[in-house]
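Subject: Structure handover

Hello,

Here is the structure for your files. My notes on its side-chain contacts follow below.

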Amino acid sequence: MDIEAYGTTHADSFEDKIHCTRNLTMEEIDEGYEMNTGKVIVETFEKYHNDILLNPAVLAKSHGLFTFGKSGMDAVNNAVITEQVSEMAFYTQMVSKEPIAKELFKKHNERKHGDNAYYGQKGDH
């Protein structure tokens with residue numbers, strides 16, 4: 001399932017919720033499983049118009065997490081962040097079903113990644 005943004009930590013690293021791909025069809029599994037896994041990942045980014053570097057994670061349904069970055073270390077860092085916000089989302093769902101307000105989410109994301117970013121270290125946005 002998609003990982004909703006429940007707090008500002010999510011907004012500091014992602015421009016949107018972390019999306020989950022659709023299931024592969026039996027034909028896609030039988031004929032080119034690995035290639036078709038990649039295709040549904042691309043399909044998911046296109047469906048939600050997400051920039052892969054601004055929303056650098058996707059869940060492949062019934063498979064697992066894929067992360068991206070400008071370097072291998074950046075992708076690994078994005079995996080660690082995704083695991084942390086996923087855990088936070090899990091526990092938040094236990095006490096509240098309310099995602100973060102869109103306005104607050106946007107503020108936190110843009111202060112670090114927007115055209116007029118001012119939060120974080122130089123080169124961190």
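Arginine 111 counts as buried because its relative accessibility is 15%. (Buried means under 20% relative accessible area, exposed over 50%, and partly exposed in between, with a 1.4 Å probe and protein chains only.) This is a predicted model: local features need pLDDT of at least 70, side-chain atom pairs count only at pLDDT 80 or more, and totals for chains, interfaces and linings use all residues. Residues are numbered from 1 along each chain as its sequence is written, and side-chain values use heavy atoms, with hydrogens and water left out.

Salt bridges

Arginine 111 forms a salt bridge with aspartate 12, with the closest N and O atoms 3.9 Å apart. The pair links distant parts of the chain: arginine 111 sits in helix α5 (residues 102–113), aspartate 12 in helix α1 (residues 8–13), and 99 residues separate them. Helices (H or I, at least four residues) and strands (E, at least two) are DSSP runs, numbered from the N terminus. Aspartate 12 is buried as well, at 14%.

The salt-bridge count is 4. The rule asks for a side-chain nitrogen of Lys or Arg within 4 Å of a carboxyl oxygen of Asp or Glu.

Arg22, Glu28 and Glu43 are linked in a network. Glutamate 28 reaches arginine 22 at 2.8 Å between the closest N and O atoms. For glutamate 43 and arginine 22, the corresponding distance is 2.7 Å. Glutamate 28 is buried at 17%. Arginine 22 is partly exposed at 32%, and glutamate 43 is partly exposed at 33%.

Aromatic pairs

There are 2 aromatic pairs. Rings of Phe, Tyr and Trp (its six-membered ring) pair if their centres lie within 6.5 Å; planes under 30 degrees apart count as stacked, over 60 as edge-to-face, and the rest as tilted.

Phenylalanine 45 and phenylalanine 68 are edge-to-face, at 5.8 Å centre to centre and 80° between the planes. Phenylalanine 45 lies in helix α3 and phenylalanine 68 in the loop between β2 (64–67) and α4 (72–95), so the pair ties together parts 23 residues apart in sequence. Phenylalanine 45 is buried at 9%, whereas phenylalanine 68 is partly exposed at 22%.

The rings of phenylalanine 90 and tyrosine 91 have centres 5.2 Å apart and planes at 75°, so this pair is also edge-to-face.

Best regards
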